[in-house]
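Here is my note for a colleague who is opening this model for the first time. Please read the points with the structure in view.

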Amino acid sequence: MKKNVKKVVVLGSGALKIGEAGEFDYSGSQALKALKEEGIETVLINPNIATVQTSEGIADKIYYLPVTPYFVEEVFKKEKPEGILLAFGGQTALNCGTALYQAGTLEKYNVEVLGTPVQAIINTEDREIFANQLRKIDVKTPVSIAVTTVDEAVEASKKIGFPIIVRAAYTLGGMGSGFCHSTEELIERAENAFSYSNQILVEESLKGWKEVEYEVVRDAYNNCITVCNMENFDPLGIHTGESIVVAPSQTLSNAEYHKLRELAIKIIRDIGIVGECNVQYALDPYSEDYRVIEVNARLSRSSALASKATGYPLAFIAAKLGLGYSLHELKNSVTKTTTAFFEPALDYIVCKIPRWDLGKFTGVSKEIGSSMKSVGEIMAIGRNFEEAIQKGLRMVGQGMHGFVGNQPFAQDVKKELEEPTDQRVFAIAQAFEEGASVDEIHELTRIDKWFLEKLKNISDHANLLGKHDALDKLPEEALLDAKKMGFSDFQVARLVLNSKNMEEGLLKVRDFRKANGITPVVKQIDTMAGEFPAQINYLYLTYSGATHDIDYEKDGKSVVVLGSGAYRIGSSVEFDWCSVNALNTINKQENHRSVMINYNPETVSTDYDMCDRLYFDELTQERVLDIIDLETPKGVIVSVGGQIPNNLAMKLHRQQVPILGTSPEDIDRAENRQKFSSLLDDLGVDQPRWSELTSIEDIFTFVDEVGFPVLVRPSYVLSGAAMNVVSNKDELEHFLTLAANVSKEFPVVVSEFIEQAKEIEVDAVANNGEVVGYAISEHVEFAGVHSGDATIVFPPQKLYVETIRRVKRIAREIAKGLNITGPFNMQLLAKDNDIKVIECNLRASRSFPFVSKVLKVNLIDMATRAMLGLPVEKLTKSSFELDYVGIKAPQFSFARLAKADPVLGVDMSSTGEVGCIGDNYYDAILQSMLAVGYRIPEKNILISSGPARSKLELLQSAKMLKERGYNLFATGGTHKFFAENGVETTLLHWPSEKKSPNTVEYIRDKKIDFVINIPKNLSKDELKNGYSIRRDAIDFNIPLITNARLASAFIYSFCKWGQDNISIKHWDEYK
Amino acid sequence: MPEVQKIKLVLEDGTVFEGKSFGYHKSVAGEVVFNTAMTGYPESLTDPSYEGQILVSTYPLIGNYGVPKNDTENGIPKFHESDRIHISGLIISDYSFEYSHWNAENSLREWLIQNKVPGIFGIDTRALTMILREKGSMLGKIEIEGEEIDFVDPNKENLVAKVSVKEKKVYGNGKHKVVLVDTGAKNNILRCLLKRDTTVIRVPWDYDFTQDDYDGIMLSNGPGDPQMCEVTIKHIQKAIEIGKPIFGICLGNQLLGIASGASTYKLKYGHRAHNHPVIKVGTDTCYITSQNHGFAIDNETLGDEWEPFFVNINDKTNEGVKHKTKPFFSTQFHPEASSGPTDTEFLFDELIARIEESK
């Protein structure tokens, strides 16, 4: 009984943000694939241009527009769709869909919601309605009282008793939620929560209970399955997005497992879901008592994880169910012979670990709790817990080598165990090392003893290894057991050999174990635990096994693509797009086999139907070499997955692994500052003056020469970690003490910082040293804002022709000088046609998908063809002939990062981006700014304009705002400066002045619609006042801009263009 | 981890898997079968249907939550499916020497040792499973060093006689009198019946219950080849004549089928899992079921008066039969679950409803 719909709108989730990341590219892509298979015309609305789902061939029409009711309605008017999917674009799509339903828009345009009815979703979103609904079917929820004022919250707390938890309704990933132990804490928390929602819940605290989730599917015939259950390693109290999670559950008995499963099915039937939903439980660790704590009536981060953990394509199936299929009619896409109506049986364990990047923010608390702060996650697969978690801790990619074998944990261990931060698991390792017992750690952490016992096994085994000082003295069994418990060769080298040169050490371990026949085996994920043969190659490696599941041809046809690993600040969905596109190009070649290695469950590249063989495993030298040994490939592509594969290039090259494209030696010449600098000198290309320095005196001597400000950083960087601009001597001294802690191995690099310079990006492809395709784009902000946080315009609108000519020439010379074959990216500074190169990476960059899509030339396809040695046609189309403009704008997640200073600097802090296309610059700016959550202000704007230069920059904008009837408010200096220049503003006092009218009260009372706050200097140690205004703007959900150039661009756009003028055009219409 | 001894599994086809011993250290022979369930080892190990079998768990991490206390309720062990472990041996990949659960009293290791059942860990159970899938269930033996033994085919024995109760026993005091023909009944069948206002008269496999006063008959699960239960089949044929409601589970399904004239055959590697999909014939209604059987009814051989009740969606094998007009029905899967999904427990309500109708 398939529904007769011919055209369907799918809503995406927009930019990646904390709580809503790459998983929705995966689920949306799957849904679109399912619709396409049915011959349904698909219209996708998603401004996230770096995603796979917004690529050619996935949806029939793509609108890079904000996912808001206004734009969706405009698309309805134009496209006249019959159906809409709301469950595949996270909370963003769901909230938008709910708003459209409540406004009657869906009815007005006769658009049917496919899948779960909207009213059912609304019921699950309102906790009180939902708790009542569940009570009627005898399902328990936490004691909870909904309140609408702070006073009511305090009353409620008296009934429940502390500790309690406060939650805001209708928010992403627990925003505004938290535990309170006292009335004072409650008042503070409640005030904050009310800025996100007009209803909050005061609930009993179930801290210390187990947290368990089920992914449930229901079809329109009332058939239900639970695809997967998952157990949090961290007990309740830590958001599931912040928890280490395992699947399937490990400490639940059959009775508990099936009791919760039965309840999940009861719930999904009662709600009336058609598709997928996620049910989260708290389970008493001392009985079978439970509470339902959350239901997500849509695809979620957990469902993406469950899909990857089991091989069951939840999003694909959910989309089909929305079209009216029954589960038993659909096939299991792994076996291709059995039905989709079944529950996967796993014969392995998966372990998900969050990736945090809290070090990137100033002022943020590192504690983890009931609201989500992580920016990505990884999934590790093993045949025992020890193997899975050790793999996983390496995959997270923050310099850890597993559970043990790391640098000693420096913080207060007991405090860390009681009040967990992102480092908690390593505090457990340290506690074991210091002799703590499982019981003691359990008392402090409430982590189930089963997990702790397993971790102790690792710790004990590390001690055993440590008792030996040579590999041949180590009992073979001990080495094999170590490998079974997920110890890397690196860990063994450190524990046994005490190696100084780690690469040498780990290779020694590798040779030794290979000589002794200790090698991993390859196993398939088949959804049926071996009961039925799998038709796909979804693979992982393990030492708990005797034979490989698959045969190796050793025919030299494999092309291995190294993926991008965990999403993090600086490397996210854009590298997944690059990886997927490289696979697509390989798949088109008849005599090549595409092989992917990646371990990020939020990606499309880890979909088993994207390539011939998917290894869901580590991107370490050891594991990649293990796979290379089996595949004996034609070659390996290291240039599409960002910095992780790039860093492996030389290590693999030294082991005679064939690297496709630019030679690893040349990659190193670009990566190594010294080598790169002499290359530039040889080519006669200018660069900012810099020096690599080892002593404080040398640094001051150098600074005397070039003058402040200077940029200070360690040698090898990704997205500017530990990099900073310093403007005076004090700051420099302060920073140097920090930098020395950051990296002892590498000296400090100091370079001159050029102010008021334009920053230019080149994304290009070369073949044998000749540039065959390129895209030049410019930043809206002046140099000093990290390129990942900058607003990027392509094609450039404000560059001199001469500048562009010079940039092209430099790109050609560098491509030739490094004999590049494949993708590369350069960043340059331009001031008065004076061009300086600041960075060059011989790999794809963050902006490749953006420029490829605006240019409508797939640069990754070109690059991959070049790397495979296929003929590549040189691009003749001039990018400057485009009759439209693309803007890439960053998405920040400061709202989730309590206390972080929302200011931009040379270190990257955005979590995602959008890319929009418009008929002109203002059109595109406006679209992209609205897409990342800015709103066109209605009336009142607060400006504190910072240094003189930005005061001047904003003057014109302020005049324009006045002319359009806006009320301007300003802080002291700005008020005075504007008054002197004929712009009248209302003076608001600084937060510290404690005088009325004050910025604090205006922001908190929401009397301001838009805040412009320009920090006084480039360092982050900014005056407290500015911080307070910025942070309040974020906490009270008022749009904030901290860069004068960007503020002007936005103001010009909404003053001169306006929402009504925004083009409602799909990608193909821009010709 | 304590010191462990070496132990091996030898298959009929000559394949040898070397592992480590964690149960009772002795040699034992049986039929090697695999189960893909991810929970429920205490329930599976005490399931009489596994009599004579060496069980391979495809889920690698076993022993995590220990073994529950053996408390009784209404004369029935509360957490076990019978009064002892029935498997001959247990084969797993990764054993948790330390367990963690509020309801656990023992480790799996201690329990196996108490019951004198060997256990092997450290084996590539996936590779083993794939051999069994390709070649079919086969005989095997667990051997410790210096204790060689022969292969034994348990299906040639009357396993039912071994596991059935020796004498009639009555449970509960409810409205409906249900005869439970114990060919190896799991305790949860009893529990499911007792929850529904019944008096359960549990009788041995070869007991002629047709002479007793009863309202309905429950044919239980059990081990081995159904053709071994000739006596039981005769009694069922008489019960069919009498016409009071009959509900069969697993072996009970096969026995009811044979009693009605159908034939059975041995499956290549059986169904032992918690995730088998069945569809109610003639509807779009599907259930996830718990299964544990090596034999099945041949749908083609059902008599005119009978029809398939459920079929397996994956391999189309029979999952239940029912009489077209009379209150006789049975399922190949386990509506009593334990272990496994509880989706089909409503079938016990069906039995009660039929009993009420026929009164």
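In which loop is the place of B:Asp197? B:Asp197 sits between helix H5 (187–194) and strand E16 (198–204) of chain B.

The model is predicted: local features need pLDDT of at least 70, side-chain atom pairs count only at pLDDT 80 or more, and totals for chains, interfaces and linings use all residues. Residues are numbered from 1 along each chain as its sequence is written, chains are lettered from A and ligands numbered from 1 in the order in which they are written, and side-chain values use heavy atoms, with hydrogens and water left out.

1. **Two positive phi values in chain B.** Phi of B:Asp197 is near 55°, a positive value in a residue other than glycine. B:Asp197 is partly exposed, at a relative accessible area of 40%. (Buried means under 20% relative accessible area, exposed over 50%, and partly exposed in between, with a 1.4 Å probe and protein chains only.) B:Lys116 also is not glycine and has a positive phi, near 55°. Its loop runs between helix H2 (108–114) and strand E12 (119–121) of chain B. B:Lys116 is partly exposed, with a relative accessible area of 48%. Helices (H or I, at least four residues) and strands (E, at least two) are DSSP runs, numbered from the N terminus.

2. **The barrel of chain B.** In chain B, 7 strands close into a barrel, in the order E1-E2-E12-E9-E4-E3-E13. The pairing is mixed. Neighbouring strands of this sheet are turned by 35° against each other on average, direction ignored. Strand E3 (residues 28–35) and strand E4 (residues 53–57) of chain B pair in the parallel sense over 5 bridges. B:Phe34 has B:Val56 of E4(B) as its bridge partner. Two strands pair if DSSP finds at least two bridges between them.

3. **A record for chain B.** UniProt, in an unreviewed entry, lists residues 5–143 of chain B as "domain: Carbamoyl-phosphate synthase small subunit N-terminal". Such annotations may be inferred rather than shown by experiment.

4. **B:Ile149.** This residue is found in the loop between strand E13 (138–144) and helix H4 (159–163) of chain B. B:Ile149 counts as partly exposed, at 23% relative accessibility. Leaving out residues up to four places away in sequence, B:Ile149 touches B:Ser27, B:Val28, B:Ala29, B:Lys141, B:Ile142 and B:Glu143. Contact means heavy atoms within 4.5 Å. B:Ile76 is 73 residues from B:Ile149 in sequence and 36 Å from B:Ile149 in space, C-alpha to C-alpha.

5. **An open sheet in chain A.** Here 5 strands form an open sheet, ordered E3-E2-E1-E4-E5, with parallel pairing. Strands E3 (61–63) and E5 (112–113) of chain A stand at the edges, each with a single partner strand, so one side of each is left without a neighbour in the sheet. Strand E2 (residues 41–45) of chain A runs parallel to E3(A), joined by 3 bridges. A:Leu44 has A:Ile62 of E3(A) as its bridge partner.

6. **A helix crossing in chain A.** The axes of helix H5 (residues 118–125) and helix H6 (residues 127–136) of chain A come within 5 Å and cross at roughly 100°. H5(A) and H6(A) are therefore roughly perpendicular (65 to 115 degrees) to each other. H5(A) brings A:Asn123, A:Thr124 and A:Glu125 to the contact, and H6(A) brings A:Arg127, A:Ile129, A:Phe130 and A:Gln133.

7. **Covered helices in chain A.** Helix H14 (residues 424–433) of chain A is mostly covered, with 9 of its 10 residues buried. Among them are A:Val425, A:Phe426 and A:Ile428. The buried residues of H14(A) pack against helices H12 (385–395), H13 (413–418), H15 (438–445) and H16 (449–466) of chain A. Just after H14(A), A:Gly435 takes a positive phi of about 95°.

8. **Cis peptide bonds in chain A.** A cis peptide bond joins A:Phe708 and A:Pro709, with omega about -10°. A:Pro709 is in the loop between helix H25 (696–706) and strand E24 (710–714) of chain A. A:Phe794 and A:Pro795 are also joined by a cis peptide bond, with omega about -10°. A:Pro795 lies in the loop between strand E29 (792–794) and helix H27 (801–817) of chain A.

Definitions and conventions. Axes are lines fitted to C-alpha atoms, for helices over the stretch in contact, and angles run from 0 to 180 degrees between N-to-C directions. Angles under 35 degrees count as roughly parallel, over 145 as roughly antiparallel, 65 to 115 as roughly perpendicular and the rest as oblique.
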